Amino acid sequence: RIGAESAKALQAMNVQTFSLAPRSLEAGGTWRLDWPDDDRVDHLTMATVGLQYFGYYWSRATGYDPDRRMHLKEDTERFKTSRMLTRRSLLALAGDARTAI
């Protein structure tokens with residue numbers, strides 16, 4: 001209820017909001033990503049996938065291109081971090097659990 005009331009208050013000020021929650025929470029929001037409230041649904045997995053989509057489209061809306069890292073070439077700190085995260089992900093996929101994030 002707190003999320004729904006907060007979203008309603010923010011919408012009164014023309015602030016756009018995004019909610020990511022099981023349907024039973026009725027969080028409100030200008031944009032909403034929800035899923036059935038079912039014991040067979042892993043809520044943390046659904047939230048994680050939703051947050052990844054949100055991050056992807058938010059980065060595109062703010063001028064970054066998550067499909068390519070070329071825009072990071074001039075931002076050396078972000079480029080270095082991106083490369084480090086990619087290496088860790090690839091090593092984790094190769095089965096080295098010590099490098100998993």
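Student: Which residues form one aromatic cluster?

Tutor: Phe18, Phe54 and Trp58 do. A word on the source: this is a predicted model, in which local features need pLDDT of at least 70, side-chain atom pairs count only at pLDDT 80 or more, and totals for chains, interfaces and linings use all residues. Residues are numbered from 1 along each chain as its sequence is written, and side-chain values use heavy atoms, with hydrogens and water left out.

Student: How many helices and strands are there in the protein?

Tutor: Helices are DSSP runs of H or I with at least four residues, strands are runs of E with at least two, and both are numbered from the N terminus. Here the protein has 3 helices and 2 strands, arranged α-β-β-α-α from the N terminus on.

Student: How many aromatic pairs does the count come to?

Tutor: Rings of Phe, Tyr and Trp (its six-membered ring) pair if their centres lie within 6.5 Å; planes under 30 degrees apart are stacked, over 60 edge-to-face, and the rest tilted. By this rule the count is 3 aromatic pairs. Phe54 and Trp58 are a stacked pair, at 6.0 Å centre to centre with 25 degrees between the planes. These two sit 4 residues apart in helix H2 (residues 43–61), so about one helical turn separates them. Tyr56 and Tyr57, in turn, are edge-to-face, because their ring centres are 4.9 Å apart and their planes stand at 90 degrees.

Student: Is Trp58 buried or exposed?

Tutor: Buried means under 20% relative accessible area, exposed means over 50%, and partly exposed lies in between, using a 1.4 Å probe and protein chains only. Trp58 counts as exposed at 54%, while Phe54 is partly exposed at 34%. Tyr56 is also partly exposed, with 26%. Over the protein, buried residues make up 12% of the 101 residues.

Student: Which residues are linked in a network of salt bridges?

Tutor: A salt bridge is a side-chain nitrogen of Lys or Arg within 4 Å of a carboxyl oxygen of Asp or Glu. The count comes to 3 salt bridges, and Arg23, Arg32 and Asp34 are linked in a network. Asp34 meets Arg23 with the closest N and O atoms 3.4 Å apart. That pair links distant parts of the chain, with Asp34 in strand S2 and Arg23 in the loop between S1 and S2, 11 residues apart. Asp34 also bridges to Arg32, at 2.9 Å from N to O. Asp34 is partly exposed at 25%, as is Arg23 at 45%. Another salt bridge joins Arg40 to Asp38, with 2.8 Å between the closest N and O atoms; Arg40 is exposed at 75%.

Student: Leaving aside its neighbours within four places in sequence, which residues is Ser19 in contact with?

Tutor: Contact means heavy atoms within 4.5 Å. Leaving those neighbours aside, Ser19 touches Ala27, Gly28, Trp31, Arg32 and Leu33. Ser19 lies in strand S1 and is buried, with a relative accessible area of 7%.

Student: Where is the place of Gly29?

Tutor: Look in the loop between strand S1 (18–22) and strand S2 (31–35). Gly29 is partly exposed at 23%. Apart from neighbours within four places in sequence, Gly29 is in contact with Ala7, Gln11 and Thr17. The C-alpha atoms of Gly29 and Ser6 are separated by 8.8 Å, with the two residues 23 apart along the chain.
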